[in-house]
Amino acid sequence: QVQPVESGGGLVQAGGSLRLSCAASGSFFVVYAMGWYRQAPGKQRELVASIKRDGTTNYADYVKGRFTISRDNAEDTVYLQMSSLKPEDTAVYSCNAVVLIQGRISDYWGQGTQVTVSS
């Protein structure tokens, strides 16, 4: 089993910044990719950003230029630096890890962390 654990959410004013962290814990696994998703009340969960082991990144259009995803492969940790936050960024942000474990590719989700941006 692999357990991604998020931290860093909270309340911030519009225009402010937050940094989210997610560490994947467990044994005998290799992380292929990690990513951040978000779900606002009444909306579908959507991809925010993802990063592969080789550093290739992918961003949703609505965060390009404002958010930066990075990772520490040695620590199986991914970060999301969020800047110029807007009220519409308010959501539960969840971490996803795609891993090779016991010979299979599987993905695991964290419990999520609330990000609230006030106007």
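A: With pairing. Two strands pair if DSSP finds at least two bridges between them. Keep in mind that this model is predicted.

Q: How many bridges join β4 and β9, and in which sense do the strands pair?

A: Strand β4 spans residues 29-39, and strand β9 spans residues 91-101. They pair in the antiparallel sense over 10 bridges. Ile101 in β9 stands opposite Phe29.

Q: Which residue of β5 stands opposite Tyr37?

A: Leu47 does. Here β4 pairs with strand β5, residues 46-52. The sense is again antiparallel, over 6 bridges.

Q: How many residues lie between β4 and β5 in the hairpin?

A: There are 6 residues between these two strands. Look at Gly42 in the turn: its phi is positive, about 80°.

Q: Is Phe28 buried or exposed?

A: Exposed means over 50% relative accessible area. Phe28 has 81%, so it counts as exposed.

Q: Where is Gln102, and what is its phi?

A: Gln102 lies in the loop between β9 and β10 (104-109). Its phi is positive, about 55°, although Gln102 is not a glycine.

Q: Why is Gln102 classed as exposed?

A: Because its relative accessible area is 76%, and the cut-off for exposed is over 50%.

Notes:
Residues numbered from 1 in each chain as written. Predicted model: local features only at pLDDT ≥ 70, side-chain atom pairs only at ≥ 80, totals over all residues. Heavy atoms only, no water. Helix = DSSP H or I, 4+ residues; strand = E, 2+ residues; numbered from the N terminus. Buried < 20%, exposed > 50% of the residue type's maximum accessible area, 1.4 Å probe, protein only.
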